[in-house]
Amino acid sequence: MKRKVFGAVLSIILASLVFLNGINLPVYAQEPPDMVHSISNGFVRFSVLAQNGRFSIKTSAGAANRDDSNQKLLYEDKKPETSFTSFWIDGKEYIYGNSYGFMGLDGTFTAPATVGKTNTSVWKIGAVEVTQSLVLLEDKDNPNVGNVRITYQVKNLSEKGDVKVGTRILLDTMLGSNDGAPIFIPGTQQPVETEIELKDDNIPQYWRGADNSFAPKVVSYGFTEGWGNLSPDKMVIGHWSGLSQSKWQYTPDDSLAFSGTDNPYGTADSAVALYWNPVSIGAGQTQVFETYYGIGNFSNINDRAKYGLTVNAPEKLVINDNKTGYLEDTFTITAELDNSLAGASNLTNVTASLILGDGLVLVPDEAQVPYATQQVIYKNTVQTFTWKVKAEKSEAYTTRRYRVDINCDNHTDPFSKDGYILLPGILGEPPQTQFLGVSPSKLYMDGAKSFTIKGKGFDIYMNKALWRMELVDSKGNIALQIPRAAINVGLEAITVNFDANLPRGSYSIRLKHDEPSVADETLKTKLEMTADKKFMSKTYGVLFVRKTETDGDYTYTLEIAQDEKELTQIEESLFSNEEIILDIKGVIRETEEQGSKVYRVFEKALLNSVLQYEGEPLVIQKVDDNQDVDGEDTIQISGDGTLTMENGFSFWFCEFESSIADGENYMTELADEDDGECNIELEFTGIGKVAKWIAGFAIQIENAVLLKRGISLGGGINITLPNMNKEHEVDDDEDEFPGISAEISNVLYGMKGESNDFGFIGIDFTTSLKAPEDMIPITWIQKGFEMTLTINTIDDLFSFEGEADIKICEANVNLTFIKNQASGWWLPDDFVIAAGFDPGFPLGPTGIFLNKVGGGVEDLFGTITGDGSLPPLQVILIAGLNFAEVIEVEAKLSISKNGFVFEGE
């Protein structure tokens, strides 16, 4: 057991002063000094000493993806005493909870009190009152449920003048049984094991402790900023024995190692101290100092991945004093990939992509792009990706969305993490939110229930971690707090789907915000719980679209079936002019909203038995012609989540919508547009619509077509060649794209053969290299050039066309065939074309020439034969650069389902 020393013992002096036994010395309100308050939420636990408010933290069940139950995160022997907080007050140093002055009469402490998951104590020294609050969240759905919020509210009780106060929170880190736990700073692979001081911009958003730097089982996270708090001005990582002997001033020794015993103290003992520099607090005013410490963000768990993903960014920004923008002129979004979980293995070809919604932009920087790649992330290591971002100012409260995607060879599905940032209105305007009604307003009292709040401006509610929904009975009591997982938020609708038994009566819907500047809302429309069974939630197993042709006109109706058996019976009874073009299976709830039926599919939905959707409720409704600009009744479908093929290939992770309009001829097989046919197309919207920019290449799966027994994907890649001749202009209406393009017209999947196995059917793919005449003012290029490669395995079409009048000093064509042992056929595998030019295309007055370009496809054989190499295959783009005819660089970009791979020399 390590020895912790805090001060001199006064017992001999007190014993000799018996004549003072009539003085009222401080007491601890009906609690013995050694009493410890212990509070847990099932994931983490904190303990507070009644004598002085000192605390310790440990896990209860711990994190879902680690074996870390009942492990220490801060040191504790028999009681909490080694983590403590100091205050610098008008030049003097104090420790929270201690007594000062003659006989300890100054520095009065009120013993802690616990209400729910919050423990509060109060300490006074002179005219300064400090309230310590330790808070655990009770909501299991909140991503911060694994962390303890440590808050100090410092109030100046004086009525006359300012008081200057600084704060230091000292955390005696102990991870599991390791008292000398190494500390990690984002962006570094090696742990901090010697004393270090970090200031201002060098202070990380978060820091991490671990019981083992190689294969940790117990991991903790400390958070320094991001929820509108006052960030610390300094952070010291050092030996506890040195830090604990000071109240404020401490000079780190960068040669002192705290993770081992080879130091002046002879012990391994780490600690972290967070400093807030002294600030003036006016008479009657309060200043708050705050941090979080625990086991991290619970929203970053993915059961399908063998690695963890922690994404950190501010929850909200703060308006600057001039109200011209935000204090956080720029901020950092950090993605930490933890490859040290149980079952981890080396991850290869890892790409982290940042996708920003409207109102968020990358900070202009030539070195910064919205993606990052890592060839290998080894087992038991952590890789950090960071981006600097700026928020465009907003006049009213709003929420901005972002997403981080992780792709790697080891996992078919990307690991995606959405986030939201709250932006206060710089003009002080409140959120532009309108509540237009609740439907239905009557619900059956027992069992499953669904209702929808209609309105506008619900983006303020996108981050469900910052507010909660309560049902309040007629007496003002909270009858039910709706779980966050049961709430789904859209811009104009908040849908609630929950299962609970409630007594008959009237209930108010109350929306309570954690953000103090956003007012709580109690909706005017109330919910009535009734015993009338006609208000039971209507639940179905199948929703389908029936197509009817009458004299060359086409109409579409939404209909329901209880299960697949009933759907089959309906299909068998169809007339010759009828057809079911879409069926959706899942937990389907029907509600009546503004006089029309709206269907929502909760949890998971299966479309045409080949496409699985998982995310926010899939919403389906028919909008009549007086609401539709085209004057036709239209079935509208919208969702926000993951689209996954029957074979497990996920190709979309965000918002999408689709429409089926009366009058159009929708086909269940690939349509012929020349005959007036069309297909049900999923249009990708939201932040997912933003193209992924890879070294200047815009890459995007642009659409998906839903067929009766299959799915077709389409997309493209374009690289614009520099237009060096200013007089030459390319007509936007011409089909003349100056550069390299790869257009994927159709990547078709579906049921194959009598076995109805789902898999790849074929691809229609064209890659082109074009340079119009006179585009490049080089005499040896007379008429420009053009090369086009088309591979269409659906219609068995393969073609190559080329035309050029140029001096080629190097040309490469890679055409590879592989024999399919099952069929005996020779099938194409690689088809890559590249051409080199001497000296090349000058890229402005830089002395740099583009001297090689090309493209094609690789690994086509595996895609055709269905060995798991899912398209869009590997699309190959090649470029070479010549620097002043001295240095030559060649690079190849491979684009596949797993991300993007660069090779260069």
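The following legends describe close-up views of a predicted model.

**View 1. An open antiparallel sheet of eight strands.** The strands are arranged in the order S6-S7-S8-S9-S17-S14-S13-S11, and their pairing is antiparallel. Strands of a sheet pair through backbone hydrogen bonds, in either a parallel or an antiparallel manner. Between S6 and strand S7 (residues 118–125), which run antiparallel, there are six bridges. Valine 115 has threonine 118, in S7, as its bridge partner.

**View 2. The largest nonpolar core and the surroundings of isoleucine 150.** This core comprises 62 residues, of which Phe55, Ile57, Phe87, Trp123, Ile150, Met235 and Tyr293 touch the most other members. Strand S16 (residues 270–281) makes the greatest contribution to this core, with seven residues. When residues up to four places away in sequence are not counted, isoleucine 150 touches Phe55, Ile57, Ser133, Leu134, Ile169, Leu171, Phe289, Glu290, Thr291 and Tyr293. In soluble globular proteins, nonpolar side chains tend to be buried together.

**View 3. The ring pair of tryptophan 248 and tyrosine 275.** Aromatic pairs in the structure number 22. In the pair of tryptophan 248 and tyrosine 275, the ring centres lie 5.3 Å apart and the planes stand at 80 degrees, so the arrangement is edge-to-face. The pair connects distant parts of the chain, 27 residues apart: tryptophan 248 belongs to the loop between helix H2 (240–244) and S16, and tyrosine 275 to strand S16. Tryptophan 248 has a relative accessible area of 10%, under the 20% limit, and is therefore buried. Tyrosine 275 is also buried, because its relative accessibility is 1%.

**View 4. The ring pair of phenylalanine 451 and phenylalanine 498.** The centres of these two rings are 6.2 Å apart and their planes are at 85 degrees, so this pair is edge-to-face. Phenylalanine 451 is part of strand S28 (residues 448–456) and phenylalanine 498 is part of strand S32 (residues 493–499); the pair therefore ties together parts 47 residues apart in sequence. Phenylalanine 451 is buried, with a relative accessible area of 0%, and phenylalanine 498 counts as buried at 6% relative accessibility.

**View 5. An aromatic cluster and two charges over rings.** Phe87, Tyr94, Tyr96, Tyr100, Phe109, Trp123 and Tyr152 are linked into a cluster by ring pairs. Lysine 72 lies over the face of tyrosine 75, at a distance of 5.7 Å from the ring centre. Arginine 208 places its charged end over the ring of phenylalanine 184, 4.4 Å from the centre of that ring.

View 6. Arginine 66 is located in the loop between strand S3 (55–59) and strand S4 (84–89). With a relative accessibility of 15%, arginine 66 counts as buried. Its side chain makes a polar contact with the side chain of serine 340, at 3.5 Å. Apart from neighbours within four places in sequence, arginine 66 is in contact with Pro216, Lys217, Val219, Asp338, Ser340 and Leu341.

Technical notes. Residues are numbered from 1 along each chain as its sequence is written. This is a predicted model: local features need pLDDT of at least 70, side-chain atom pairs count only at pLDDT 80 or more; totals for chains, interfaces and linings use all residues. Side-chain values use heavy atoms; hydrogens and water are left out. Two strands pair if DSSP finds at least two bridges between them. Helices (H or I, at least four residues) and strands (E, at least two) are DSSP runs, numbered from the N terminus. A nonpolar core is a set of buried Ala, Val, Leu, Ile, Met, Phe, Trp, Tyr and Cys residues joined through side-chain atoms within 4.5 Å. Buried means under 20% relative accessible area, exposed over 50%, partly exposed in between (1.4 Å probe, protein chains only). Contact means heavy atoms within 4.5 Å. Rings of Phe, Tyr and Trp (its six-membered ring) pair if their centres lie within 6.5 Å; planes under 30 degrees apart count as stacked, over 60 as edge-to-face and the rest as tilted. A charge sits over a ring if NZ of Lys or CZ of Arg is within 6 Å of the ring centre and within 35 degrees of the ring normal. A polar contact is a pair of N or O atoms within 3.5 Å; within protein, one must be able to donate a hydrogen and the other to accept it, and residues adjacent in sequence count only if both atoms are side-chain atoms.
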